[in-house]
Amino acid sequence: MQNNSLRAEEIIIDDITLQNKDGEVLASSRDVAERFNKNHKEVLRSISNIEKEMSTAQFCALFKTSEYKASNGKMNKEFLMNRDGFSLLCMGFTGKDALGWKLKYIEAFNKMEDALKHQNEMALPTTYKEA
């Protein structure tokens with residue numbers, strides 16, 4: 001498993017917190033747990049079950065192991081997941097508000113990915129003269 005200690009830029013879109021980490025859009029397992037009204041331990045367990053069912057390379061392409069500092073100062077495990085990891089995890093989530101949160105996450109991923117794409121297009125020279 002990969003442990004990411006790099007700082008990420010957090011962006012909140014329609015109550016959804018996403019991170020831009022080295023150009024990859026990621027959601028936190030803690031934020032997913034909160035939005036879907038689940039205990040973070042349950043979300044971690046679901047991700048661990050996914051990990052058992054796929055190769056390490058497949059899992060690492062979807063989920064990144066990370067840590068956060070809890071209010072008591074203790075470092076705790078969390079996962080950061082890309083769009084595909086989020087989709088895999090949350091496709092089984094049900095309940096009164098689950099569909100609404102799924103749609104909000106999809107919209108937030110789309111907006112952030114579009115913004116990053118536009119930012120990259122603006123930053124890269126396209127001709128020898130611009131370079």
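**Reading salt bridges, core and loops**

User: How many salt bridges does a search of the whole structure find?

Analyst: The model is a predicted one. A search of the whole structure finds 5 salt bridges. As a general idea, side chains of opposite charge can pair when their charged atoms come close. In this case, Asp-31 and Arg-35 meet through their side chains at 3.5 Å, N to O. Arg-35 also forms a salt bridge with Glu-34, at 3.2 Å, N to O.

User: Why are Asp-31 and Arg-35 separated by about one helical turn?

Analyst: An α-helix has 3.6 residues a turn, so residues three or four places apart point the same way. Asp-31 and Arg-35 are separated by about one helical turn because they lie 4 residues apart in helix H1.

User: Which parts of the chain does the pair of Arg-83 and Glu-113 link?

Analyst: The side chains of Arg-83 and Glu-113 form a salt bridge of 2.7 Å, N to O. This pair links distant parts of the chain, with Arg-83 in helix H4 and Glu-113 in helix H5, 30 residues apart. Arg-83 is partly exposed, with 22% relative accessible area, and Glu-113 is partly exposed at 31%.

User: Which residues of H4 are buried, and where do they fall when seen down the axis?

Analyst: The buried residues in H4 are Gly-85, Phe-86, Leu-89 and Cys-90. Seen down the helix axis, the buried residues of H4 fall within an arc of 115°, so they line one face of the helix.

User: Which residues have the most contacts inside the largest nonpolar core?

Analyst: That core has 28 residues, and those with the most contacts inside it are Leu-18, Val-32, Phe-36, Leu-89 and Tyr-105. Among the elements that each supply at least two residues are strands E2 (16-21), E3 (24-28) and E5 (75-81), together with helices H1 (29-35), H2 (40-52) and H4 (83-90). H5 gives the most to this core, with 7 residues. Leu-89 illustrates the packing: leaving aside residues up to four places away in sequence, Leu-89 touches Val-32, Val-43, Ser-46, Ile-47, Ile-50 and Met-81.

User: How do E1 and E2 run, and how many bridges join them?

Analyst: In a regular strand the side chains alternate between the two faces of the sheet. Here, E1 (residues 9-13) and E2 run antiparallel and are joined by 5 bridges. Glu-9 stands opposite Asn-20 in E2. The hairpin of E1 and E2 has 2 residues between the strands, and Asp-14 takes a positive phi near 50° there.

User: Where are Asp-22 and Asn-37 found, and what is the phi of Asp-22 and of Asn-37?

Analyst: Asp-22 lies in the loop between E2 and E3, and its phi is near 55°, a positive value in a residue other than glycine. Asn-37 belongs to the loop between H1 and H2, and the phi of Asn-37 is likewise positive, near 55°. Asp-22 is exposed at 69% relative accessible area, and Asn-37 is exposed at 71%.

Technical notes. Residues are numbered from 1 along each chain as its sequence is written. This is a predicted model: local features need pLDDT of at least 70, side-chain atom pairs count only at pLDDT 80 or more; totals for chains, interfaces and linings use all residues. Side-chain values use heavy atoms; hydrogens and water are left out. A nonpolar core is a set of buried Ala, Val, Leu, Ile, Met, Phe, Trp, Tyr and Cys residues joined through side-chain atoms within 4.5 Å. Buried means under 20% relative accessible area, exposed over 50%, partly exposed in between (1.4 Å probe, protein chains only). Contact means heavy atoms within 4.5 Å. A salt bridge is a side-chain nitrogen of Lys or Arg within 4 Å of a carboxyl oxygen of Asp or Glu. The arc is that of the directions from the helix axis to the C-beta atoms. Two strands pair if DSSP finds at least two bridges between them.
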